Amino acid sequence: MRSILTFLRNPLGAISTVMVLVLVFLALFAPEIWGAQANQTDTSALLQGPSAAHPLGTDGLGRDLLLRTLVAARLSLGMALIATVIGLVFGLLLGALPSVLGPRVQRLFSSVISTWLAFPVLLVAMLTVILLGPSSSSAVIALGLTMVPSFARLAQTLSSRVGGSEYLAAARMMGVSRGRQFTRYVLPNIAEPIIVNVTLSIGGGLLALSSLSFLGVGVQPPDYDWGRMLSEAFDQVYTNPTAVVGPGVAVVFAGVAFGTLGESLAAHLRSHGKGSVLSRRKLGSAPRVEARERVADDDALLVVDGLSVSFPSPSGWVRPVQDVSFSVAPGEIVGVVGESGSGKSVALMAVAQLSAAGAAVTAQELRFDGDDVLDLPPAVMKKRLGTKIGVVFQDSLTALNPALRVGTQLAEIPRFHARDARGAAHQKAVAALKDVAIDEPERRSRQFPHEYSGGMRQRALIAMSQIGKPRLIIADEPTTALDVTVQQRVLALLRRECEQTGAAAIVVSHDIAVLAELCQRILVMYAGRIVEDVDVRLLATPEKLAHPYTRALAESLPDLDTDRTQPLATIPGEPPDLSLPLVGCGFAPRCPFATEQCRAVTPEPVAHGHGGRVACWHPQDGVPIEGILGEPVVLTGSQTTQTTQEVR
């Protein structure tokens, strides 16, 4: 209501609304009020000019032109509306529906749209009328067909953004049907620009239909619209020019009304801001969970062996994840750390079966909760993973569907997987919000994501990941873009939820300090591979870490003893370009301990004395940390051996 009032305060929006309401009134009531009089012939008043009895004169049968103009509003506007609906419906099916049907269907429909747009609009309209014969229905069908490709292209452009969104990926994971994905996730998020385009198209369609009737291929006698009236009045334009005034002004008035309304709606949607930051309840911090004893792979909740993810590119395949292997025990919290582009998120989304379109995912083994995921049919896999794996996405604002209330989104899981009734599912959603310390959960459940602050949205995502009682939670950088205080609350909440439910968790981050507060074990990734699997307690003693990259990450963390007069320590160099073939250890160009073996042969992760695994030809645990941070040292052959011996 407030949005409508804001729109009506704009003079242009108010005027256009009144104009459209006038047209709607005429279309609904003019034939009922003046229909009989408009069709009444008067042989004594043929082709008369304006008079008190007939303000716009009469036609060749003595019928009042003003009344006929008013009555013709129903057929003129009705035909334009029907044609627009035809173009809209088929345009949405052709342009937006493929976003939930997969990349192959998208490519096919895109080709159809491009081919359709290549044909001239007038040619399509005239060909349709010729095939079907001149009539009002033929004109409507012809105009609808000419509108389909423009609506389809707009819907395709808008839905492409929704198709790649995280909240639609989450819906797929939950097993939401494609029809519901289309109606509840795609259409609401492209509705605003579509509505604006519909309003503009009605005005354009009215003009096009009037033109067809004027040419004699549209409405046929005894029916009449504004175009037909213009055609009949054109013969007497020199003897009675006022005969064209009524239908001519009506066409212009309607075109201006709908066009102005569309432009006003567009301006209103661009300027109408949304969002409000709400207060957040503070969460108490719990002590860090001590690392638990590692279990054998046979008892692990998740076993990943040889996972690789590739994406096609113009120059060939890019492999951001290469031969990743790890396991997670029940109830264990594991961190995944690495620089941007190291493959952390890509690997974990592949585990959850949420890889981006076009990705090629392969693995030697992918076992979760006793099921061999690689052998499961797609439908069974989605159903099992949709309830047993909860995902907390990185960007909370895009991960939540902006067109649905938060409570509705949380209720999707119990409604689809537990088959709960609407009321029961809503109560579970409210309880989930309460569990993550969101005040007034009943009221908050009826709010949209933009009405939540960043910390509240992140807590809502955690609630969404927990509502299905999953065995594993995958948190993809859950504290990104949050301030330090909110980070602590989110981490404490995630830790508490895992402790209370017994769920395991994999937390992705590029901040090793965040993982040190939360996790029991850390997987260090570099250039798409896991280079070290280490107990988090060893981060306090970097000299016990084996891989030079892990040691450099730990050493670069500032603490209370760090000299604030000196620049922060950094790792020199840049990560490798994964679009190029990678030979040997990916960290070799930045490592002062690299040898020719490092540059030629890729090290495999092997068991190490610190209890984890390390992929390095020259583990550096027990060696003082020298030469890792700073300018990279290029050493080869005997120089490397000599320098390494000096360091030892």
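Start by selecting Phe29, which sits in helix H2 (residues 11-38); helices here are DSSP runs of H or I with at least four residues, numbered from the N terminus. You're looking at a predicted model, where local features need pLDDT of at least 70 and side-chain atom pairs count only at pLDDT 80 or more, while totals for chains, interfaces and linings use all residues. Residues are numbered from 1 along each chain as its sequence is written, and side-chain values use heavy atoms, leaving out hydrogens and water.

Next, select residues 73-262. An unreviewed UniProt entry annotates them as "domain: ABC transmembrane type-1", and such annotations may be inferred rather than shown by experiment. This stretch is 80% helix and 0% strand, with its end C-alpha atoms 20 Å apart.

Now pick Phe326. Leaving aside residues up to four places away in sequence, Phe326 touches Leu302, Val303, Val304, Val351, Ile506, Leu523, Ile530 and Arg613, where contact means heavy atoms within 4.5 Å.

Last stop: helix H14 (residues 406-416). Nine of its 11 residues are buried, so H14 is largely enclosed by the rest of the structure. Colour the buried ones: Val406, Gly407, Gln409, Leu410, Ala411, Glu412, Ile413, Pro414 and Phe416. Then show what covers them, including helix H7 (166-174), helix H8 (178-214), helix H15 (422-435), helix H16 (441-444) and helix H17 (454-466).

Technical notes:
Helices (H or I, at least four residues) and strands (E, at least two) are DSSP runs, numbered from the N terminus. Buried means under 20% relative accessible area, exposed over 50%, partly exposed in between (1.4 Å probe, protein chains only).
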